[in-house]
Amino acid sequence: MAMTVLVCKPIAYVHSQPFYSAVHASPLVAALARSRRGSFSFTRPYEMVMRVENADLSRQSKAFEGVHTGLTTGQIAVPRYQIRMCSATDLLSEVRARNRDPTFDYLPVRDANEDLTGLLSNRAIDDAGSGGDGSQVGEHMDPLSEADLIGAETPITALIGRIRQKPFLVISAQAIIGMVAWSDLQKLPVRAALFALVTGFELTMYETIKRHLGEREGWTRHLAQGRLDRATKEYRDQYERGSDVELLLCTQFCDKRDILIKSFEFGIQKGKLERKFKAIEQIRNDVAHANNYAMSFERVEQLRATLGDLVDLRSRIKSLAP
């Protein structure tokens, strides 16, 4: 039976709880814990690392692919009753006075029937200036369009692919139930989705190396001696603890990256390819250590581009398999 070991370093905290506790409670871990294909063992807190022992890796990859699609936009959206709104007939001066502590970039606009009809940007308020204080919100708002809507069941990864500076209104059963903005991408379900994506990517790297290069002789020559020594030490430590684990599983993300780049032709300039791999690894590090990876829209755009590269590189890596 497969054994998956997730180990987490408690150097980062989420809502005053150790990050490994927060992850343990996440939909990602709950789904994997219920899987018949493997189980989780939580050991003393170290860096968050997945280890798969004697596993059917192709099935494991499919499992990880399915897990992140179960993490949805609705799980990170701000509920409708918590959203600060304004009415189409409100004066801009009134809205400007109310939109403080904190100041929101966009406010949903409702009509007399409490239906949402548009979005008012804080920039539109500023652009109107004091001369527009006597005008109504309806004159300055962006009317609601289909492009402003997103389904509550939309996978978080698909949301990241569509994310923009303007928020989305979240719909379920033909009703608007909340709002989601780029700033919501720091929330725990997003971190779980990103962790699942990068872990699935690393599993694909592992499968391809093992399939093409064998268990030792074919790939160890591509590692610097210091990196090989580190993997060998980890292998021996695992063996002494009674784990029947292979050497390749004791390598790190960066080791598998170097093996693949040195062994295969990706059709991408080497320096650019290395940067793509390193950006993917940085996402994993940021998630594992509860770092901020979406504190600005510029960082969000980088995240979106990196996830696009992850999908592309995973497809290229999988195509290397016979």
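Colleague: Hi! How many bridges join E8 to strand E9, and do they run parallel or antiparallel?
Modeller: Five bridges join E8 to E9 (residues 116–121), and the two strands run antiparallel. Keep in mind that this is a predicted model.

Colleague: Got it. What do E8 and E9 form together?
Modeller: E8 and E9 form a hairpin, with five residues between them. In the turn, glutamate 114 has a positive phi of about 70°.

Colleague: Which residue in E9 stands opposite valine 109?
Modeller: That would be glycine 118. Valine 109 also has a partner on another strand: cysteine 86 is bridged to valine 109 in E8.

Colleague: How does strand E7 run relative to E8, parallel or antiparallel?
Modeller: Parallel, with two bridges joining E7 (residues 86–87) to E8.

Colleague: And is E8 mostly covered or mostly uncovered?
Modeller: Mostly covered. Four of the five residues in E8 (106–110) are buried.

Colleague: Let's change topic. How many residues does the largest nonpolar core have?
Modeller: The largest nonpolar core has 56 residues. Leu185, Leu194, Phe201 and Phe277 have the most contacts inside it. Several elements each supply at least two residues of this core, including strand E12 (168–172), helix H7 (188–213) and helix H11 (270–288).

Colleague: Which element gives the largest share?
Modeller: H7 does, with 12 residues of this core.

Colleague: What does leucine 194 touch?
Modeller: Leaving out residues up to four places away in sequence, leucine 194 touches Ile160, Ile283, Val287, Tyr293, Leu303 and Leu307. Apart from this core lies another one, of 10 residues, among them Leu92, Val95, Leu120 and Ile125.

Colleague: Where is threonine 306 found?
Modeller: Threonine 306 is in helix H12. Threonine 306 counts as buried because its relative accessibility is 11%, and the cut-off for buried is under 20%.

Colleague: What does threonine 306 touch?
Modeller: Ala279, Ile280 and Ile283, again not counting residues up to four places away in sequence. As for glutamate 281, its C-alpha atom is separated from that of threonine 306 by 9.9 Å, and the two residues are 25 apart along the chain.

Colleague: Now the rings. How many aromatic pairs are there?
Modeller: The count comes to four aromatic pairs. One of them is tryptophan 182 with phenylalanine 297, whose ring centres are 6.1 Å apart and whose planes are at 65°.

Colleague: Why is that pair edge-to-face?
Modeller: The planes are at 65°, and over 60 degrees counts as edge-to-face. Tryptophan 182 lies in the loop between strand E13 (175–180) and H7, while phenylalanine 297 is in helix H12, so the pair ties together parts that are 115 residues apart in sequence.

Colleague: Are those two buried or exposed?
Modeller: Both names come out as buried: tryptophan 182 at 17% relative accessibility and phenylalanine 297 at 14%. Another edge-to-face pair is phenylalanine 266 with phenylalanine 277, at 6.1 Å centre to centre and 85° between the planes.

Colleague: Where do phenylalanine 266 and phenylalanine 277 sit?
Modeller: Phenylalanine 266 is in the loop between H10 and H11, phenylalanine 277 is in helix H11, and they are 11 residues apart. Phenylalanine 266 is buried at 6% relative accessibility, and phenylalanine 277 is buried with a relative accessible area of 0%.

Colleague: Which residues do ring pairs link into a cluster?
Modeller: Phe201, Phe253, Phe266 and Phe277.

Colleague: Last one: what sits over the ring of phenylalanine 168?
Modeller: The charged end of arginine 164, which is 4.4 Å from the ring's centre.

Notes: Residues numbered from 1 in each chain as written. Predicted model: local features only at pLDDT ≥ 70, side-chain atom pairs only at ≥ 80, totals over all residues. Heavy atoms only, no water. Core = buried A, V, L, I, M, F, W, Y, C linked by side-chain atoms within 4.5 Å. Buried < 20%, exposed > 50% of the residue type's maximum accessible area, 1.4 Å probe, protein only. Contact = heavy atoms within 4.5 Å. Pairing = 2+ DSSP bridges. Phe/Tyr/Trp six-rings, centres within 6.5 Å; stacked < 30°, edge-to-face > 60°. Lys NZ or Arg CZ within 6 Å of the ring centre and 35° of its normal.
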